[in-house]
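Here is a folded protein to look around in.

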Amino acid sequence: MTKRRGYALVATLTAVVVLISTVIYLAFSGGDSRDTTISAGPSPQGSADRAAAGSWVGTWATAPAGAGPRPGAGFAGRTLRNVVHTSVGGTSARITLSNLFGTRPLTISHASIALASAPSNPTARPDSLRRLTFGGQPRAVIPAGGQIVSDSVRVDVPADADLLVSTYSPTPSGPVTYHPHARQISYVANGDQTQNPRGDTYTEQSPYWRYLTAVDVLTREASGSVVVIGDSLTDGVTSTLGANARWTDVLADRLREEAGAPRLGVLNEGISGNQLIPGGQFKAAGPSGVSRFERDVLSRTGVRSVVVVLGVNDLLRNPRYADADRLLEAMRELTRQAHARGLRVTGATLMPFNGHRGYRPHLDQLRRTINAEIRSGRVFDSVVDFDRALRDPYAPDRLREPYDSGDHLHPSDAGYRKMAEAFNLSHLRGSAPAEL
């Protein structure tokens, strides 16, 4: 072979190698550049930039509990300014609006989000006010029984801060989907005040959250959220109004501030009067825990761990029908549903209530039976022992006096703090479920 032919052969082989390498590179590098972390509409950033920005996590949520006390026109021609408190911060936000208990389509013509200028204050920081859109449009129509998620908007959302979420509905909407025991004052104004940062136009106060059921943030501060399903003990009905003194608020503080704690948002899905299972003599408040578990817990943004705090109302509201085996099986069913999603479940023991008007000795025995089984490890992956933390050591069928709000069922602010302190935070990391 001549030297010239040898050079030609080498050149040919080199070209083939380059061609094959190029095909392989294109096949593997260009096959899928979609970003699976962010799914809230278009973004000018590339996928690497978006991944670096963080992931979507729930910072606040509440459970829609029923149709509000204005069954007719709803809030036609008025602006609702809901005040909510964040658990984790982020660089962008989006909201969820619900018409679950509506009987006709709900039209929202304008909506906005902003930081409150001061705690529980309807005045927004002017530089923080952002108009919200839905599919790129300011107007959204939510069908009866439905919900809608807004587009994301860039806004710096601090942790442990109050947000103002304002919605304006121009037309009658019928029953208003709401959460009645907010323990937070929100506001109402005449006309479309969604873009007005001033609070003096909001002349009416409200103890409810209306339409709004979730706020998510794009964050690098947290890896996900812990979602709590519960009743009035989780709703915090006896906690100080506007002080964010529910036990879930204190838990959020611990997760954010304690060294070595998992960084998680906390979503409170408590409904006062809620039961674990449906049925009985009295109608429970809101859909039962079993029936709403998928909607209020498993479907929340970034859920990593679940806490179950239900069962007391099944005893108190239906004492003739209360059955420990049925309640324990319902708790296990929630655990099975969470395990199917790869989620770990922490379950709470039932706290004592002697002195409350609904107390009966046989109900306390059922409570003790349920607690013994929960502590055995055969119901949940891990246990938070609210009973042991708050009961009177000299009268274990009663709350300890400093932790009693006075009705012998619901805790004081000190009691709610003690509940949050009872958690082993490592149980909320969301690692693989245990074998029960």
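## The big picture

How many helices and strands does the protein have? There are 10 helices and 23 strands; these are DSSP runs numbered from the N terminus, with helices being H or I runs of at least four residues and strands being E runs of at least two. Keep in mind that this is a predicted model, where local features need pLDDT of at least 70, side-chain atom pairs count only at pLDDT 80 or more, and totals for chains, interfaces and linings use all residues. Residues are numbered from 1 along each chain as its sequence is written, and side-chain values use heavy atoms, with hydrogens and water left out.

Of the protein's 436 residues, 54% count as buried. Buried means a relative accessible area under 20%, exposed means over 50%, and partly exposed is in between, using a 1.4 Å probe and protein chains only.

## A cluster of rings

A pair of aromatic rings is described by the distance of the centres and the angle of the planes. Rings of Phe, Tyr and Trp (its six-membered ring) pair if their centres lie within 6.5 Å; planes under 30 degrees apart count as stacked, over 60 as edge-to-face and the rest as tilted. This structure holds six such pairs. One of them is Trp247 with Phe386, an edge-to-face pair at 5.4 Å centre to centre and 65° between the planes. Trp247 sits in helix H4 (residues 247–257) and Phe386 in helix H9 (residues 386–390), so their pairing ties together parts 139 residues apart in sequence.

Phe423 lies in the segment after helix H10 (413–421), so the pair links parts that are 37 residues apart in sequence. Phe423 is buried too, with a relative accessible area of 5%. Put together, ring pairs link Trp247, Phe386 and Phe423 into a cluster.

## Two nonpolar cores

A nonpolar core is a set of buried Ala, Val, Leu, Ile, Met, Phe, Trp, Tyr and Cys residues joined through side-chain atoms within 4.5 Å. The largest one here has 64 residues, and Trp247, Leu251, Phe386, Phe423 and Leu428 touch the most other members. Helix H7 gives the largest share of this core, seven residues. Another core lies apart from it, with 32 residues, among them Trp60, Val88, Val155 and Tyr211.

Which residues does Leu251 contact, leaving aside its neighbours within four places in sequence? They are Val266, Ala420, Phe423, Leu425 and Leu428.

Buried residues in H8 include Leu363, Leu366, Ile370 and Ile374. The buried residues of H8 pack against several elements, including helix H6 (312–316), helix H7 (324–340) and strand S20 (344–348). After H8 comes Gly377, whose phi is positive, near 85°.

## Around helix H5

In helix H5 (residues 289–298), the buried residues are Gly289, Arg292, Phe293, Asp296, Val297 and Leu298. They pack against strand S17 (224–230), strand S18 (264–270), strand S19 (303–309) and H7.

Val227 is found in strand S17 and is buried, with a relative accessible area of 0%. Over in helix H7 you'll find Glu333, which counts as partly exposed at 27% relative accessibility. Glu333 and Val290 are 43 residues apart in sequence, and their C-alpha atoms are 7.9 Å apart in space.

Note on methods: Contact means heavy atoms within 4.5 Å.
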